[in-house]
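Hi,

Here is the structure I promised to pass on. Have a look at it first, and then read my notes below.

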Amino acid sequence: MTSSSTRSINTTAVVGLSFWVGLMVLISHWMGQQAHRWLPVQASTAAPLVDDLFSFETAIGTFVFLGVVSVMVWVMLFNRAEKYDETDAIPIEGNTRLEVIWTAIPFVLVMGIAFWTIRASDQLGTLGPMEHIHPRNPVEEAGGYLGDRLPAEQVEVIARQWSWEFRYPGTTVSSTELHLAVDQPVTFRLVSEDVLHGFYIPAFRVKQDVVPGRAIDFNVTPTREGVYRLRDSQFSGTWFAANQADVVVESAEEHQEWLQKAARAPLQPGLSLAVSEYATRQARSNPGWATVPPAPPPQVNVPGSPAQPHQA
Amino acid sequence: MTTTTLQQPGAPAEHEEHPKHNLTGFIIFLCSESVIFLAFFSGYALLKTSALNWLPNGVEGLEWRMPLINTIVLVSSSGTIALAEHFKNRENMALFRGFWLMSMAMGAYFLYGQAVEWSGLQFGFTSGTFGGTFYLLTGFHGLHVATGILLMGLMLIKSFIPGNYKGGEQGVQATSLFWHFVDVIWIILFLLIYVWQ
Amino acid sequence: MTIATFPPEPTPEQGWGRYFGFCTDAKVIGIQYIVTAFFFFLIGGLLAMVIRGELITPASDLVDRAVYNGIYTMHGTIMLFLFIFPVLNGLNNLLIPTMIGAPDMAFPRLNAVAFWLVPIFGFLLMASFFVPGGPAYSGWWSYPPVSIQNPVGHLINGQGMWITAVALSGVSSIMGAINFVTTILRMRAPGMTLFRMPVFCWTALAAQSLQLIGLPALTGGAIMLLMDLTFGTSFYRPEGGGDPVLYQHFFWFYSHPAVYVIILPVFGIFSELFPVYSRKPLFGYVYVALASFIIVGLGLIVWVHHMFPSGVAQWMRNLFMVTTMLIAVPTGVKVFAWLGTLWGGKLRLTTPMLFCLGGLFNFVFAGITGIMLATVPVDIHVSNTYFVVGHFHYVIYGAAVMGIFAAIYHWFPKFIGRMPYEGLGKLHFLLTFIGANLNFLPMHPLGLTGMPRRVSSYDPEFTFWNVVASLGAFLLGVSIIPFLLNMLSAWIRGPKATHNPWNAIGLEWLLPSPPPEDNFGEEVPTVISRPYGYGSGQPLVEHQDEIERRLALQEAAA
């Protein structure tokens, strides 16, 4: 084989490879853009940060995945043994330079992602201080709201098996549907009266376990009006799946109006799907495998509506 | 790592256990076992440092003088068992048995002291995290001491089989290792529970 | 050594009886492990079908919520403790002694005891379905306080039996690990230095070391959980000053490395099989072997990434994110080494090779979602959602189980002495590959849009992808039929296998199929070169030609 033909083969290979890598870059970029569409609506200041990071990782991941799969498809197409060819291939035992390259590149890549992530986390700053507290005594607090226990700027979130209760600062309002004013930073004080629960609002991209015996401060700023879902994300027993609540983000005026109206409303049982399902279940002749009975629904000013449409 | 060959002249049937592997296996086991204690120790430290009130109501703290005597007895038994092993290697079986028995007695004294201490305490297993971790740590360690005494008894009986220790006896080595292990664990335990109050 | 009497007389047919008794032969124990594991695999799979049946509609309508929680808990527990770990220990038992030229494991009786604990705790776990109150229902993590609530109020309850079974599984695994590590360190053939050892043995050594370090922590945590549940102590009970998050540390200190205990031997399988079926040496053998131990070291310091939303400080989140990310590096080294092995090879797309390629495909996908899960803000959004369920099923089913199938098809002729059928094997591969991707890919969009895991009902917007996932699951359920058919019919009347049907290099392939009871006996060949000498023409052991000639003669005579 002459040197010129070798060079021409190499040129073809280089052009082909460049073309393919370019195509992979384009596809990866496109996938990164698509990634935003796989996520719920952005309804908090945290959401854009999380989504951009996810989009970036999707793009990088797509590129790596396509690269590996390209090699696999290539060898399956062009490096197959001929029929009845029982011989071995050319023995190549390794290549130290290649090993160094493919150790160094992933190292730099993941450290880059880690650096970006740490900066993003700092910007988020969702997690406030955590303090150990004595578990609350449910009997002592039954049927009412002790407004003076709370720092004025915090919304207290009380998780139970299986209901959510929200108590608002500066008022005596409580509800089983979370109301927030748009574009106003809010700090939650998360407490649980029984087991672990997870405070998860997908549209906000935030999640924090609610740990019994601790009060955890948690900061969020909603940015979009609408109705979203709050879901229990840490398995909490039989009616875990039903332990959801609505989050209503409204304008500051509407929020004030709602608070005033709620303050005048009498206390009534809040929403708890578990309580009604439990009653049906116990009415059966054989209720089935054992379950912890649900806590009685909290007494609140505003139970909220179980059937209003939500956006995410 | 050097390689080993398998051929042993006159080796018994293939499914017999090779004595020199027993010690390797036992050391691996001890390393693994120490992680359980490590888990308990770190749990103790974490619960203690984050507790709002660590001691149960009416409990002032732990009395440390008698446990200290206990500690001294247990730690010295590490020395006596080493002596016993030394005499076994010299094939002086009488002194081996003497020091071996002495180590067993010291272990038994330790257990007795522990039992006396337990019976005089004002808190129980369910008295908060303090009571729980105290009984868990001392109880789990005590179980190991008892196991060690049983193993030593077994080795003592085996020493009366004629010619049993001719080719080097790994059981004695393993038991003695186990005993040192139990002692080291106790020292850490003593520091954690009695000294750090 | 001499090869005067090689090959040993084939062990006379010993019948089926020995598979049901206390037998100390590692090859029998290996098969006992694998068959037992697949028995429980079918039960766990059946439970998975019920789970996906429930989730095909948004409402909780197929089974009661309490039953659903029990079923998903038992599905996870059975698949991990009664399928994956036993099946891998089965492969270890078959492969380690034969690959290193040992007559048996270092402690054959301990080995048999370790195996027989599996059916015992398996029975205990199955029995928990029938006690009052039903089985454990708090997930395979068994996080307190849910796991210590004991709603039925009896001393004997599903959760207590669950903890006991898991502890027994730990005892069995520790016994196995001591045995495997001692065997690998002390019983290698003459000439087989550590860097002449097959990569499967390296990965087994790494995985079993992880068991030895990690499992006792879980055992310690489980003892405290059992005390809380049974005796009313308050290690994890907030009312008594305990800390539920402490349990999570114990649990994940072991249970994250447990993933490497599962995946490392599968890396070993890939590293064994890619060279055979592409007729090339393993690319960068030393790096691949050493990467296993870097994974061990890093694997022990990443556990908090399971607890990012659990209430840990921000600095801890950042620290554990970095260590988790670093694991991508040695793992990447392995993936690229396999690609380097395939590149320019002469590929033979047999059933085991297809399973390896499919497994690698799924593993790379899982690795990418793994990096996403390591980054704190993204993890906070998707942790405890179906995104995580999708991710780990890609690892466990997509990569590990596919690798295990590859290993079974590859070494079946060696240890059973008969050839499995290629047609059925390829059908099995196709159904598994399509089923797994159809089942587990839809879980990612579900998680991204906010569907929590472990739910028995969900909001209607999640219906579409759940239906797709359920259909994939049912296909995956069907995929096991050609496998079982293949195994049973090949075992009973498959064509006889020669000593080396795949033309592979390795000590196990220098033994008759199936190998005699004590393998090489006292005539262990001396190893003179590295494994995977494909194409180099270099023999693996002294007198290799003579050994192979005599094996061929013996086969011709039979």
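First, a word on domains: their bounds come from an automatic or database domain assignment. In chain C that assignment gives domain 1 (23-197), domain 2 (349-496) and domain 3 (506-558). The centres of domain 2 of chain C and domain 3 of chain C, taken over C-alpha atoms, are 35 Å apart.

Some housekeeping: this is a predicted model, where local features need pLDDT of at least 70, side-chain atom pairs count only at pLDDT 80 or more, and totals for chains, interfaces and linings use all residues. Residues are numbered from 1 along each chain as its sequence is written, and chains are lettered from A and ligands numbered from 1 in the order in which they are written.

Chain A splits into domain 1 (7-76 + 97-124) and domain 2 (150-271 + 295-300). Their C-alpha centres lie 38 Å apart. Nine residues from domain 1 of chain A and 13 residues from domain 2 of chain A make up the contact between them (two residues are in contact if their C-beta atoms, placed from the backbone, lie within 7 Å).

Now for chain A against chain C: 80 residues from chain A and 87 residues from chain C take part. On the chain A side, 50 are nonpolar, 16 polar and 14 charged. Here Ala, Val, Leu, Ile, Met, Phe, Trp, Tyr, Cys and Pro count as nonpolar, Asp, Glu, Lys and Arg as charged, and the others, Gly among them, as polar.

Within chain C, look at helix 8 (residues 314-342) and helix 9 (residues 351-374), whose axes come within 10 Å and cross at roughly 160 degrees. (Helices are DSSP runs of H or I, at least four residues, numbered from the N terminus; axes are lines fitted to C-alpha atoms over the stretch in contact, with angles from 0 to 180 degrees between N-to-C directions.) The two helices of chain C are therefore roughly antiparallel, a label for angles over 145 degrees. Among the residues that meet are C:M321 and C:W338 in helix 8 of chain C, and C:L360 and C:I371 in helix 9 of chain C. That contact has nine nonpolar, three polar and no charged residues.

Finally, chain B averages a pLDDT (the predictor's confidence in each residue, from 0 to 100) of 85, and 88% of its residues score at least 70. Over residues 1-17 of chain B, pLDDT stays under 50.

Cheers

Key: Parallel < 35°, antiparallel > 145°, perpendicular 65-115°, else oblique.
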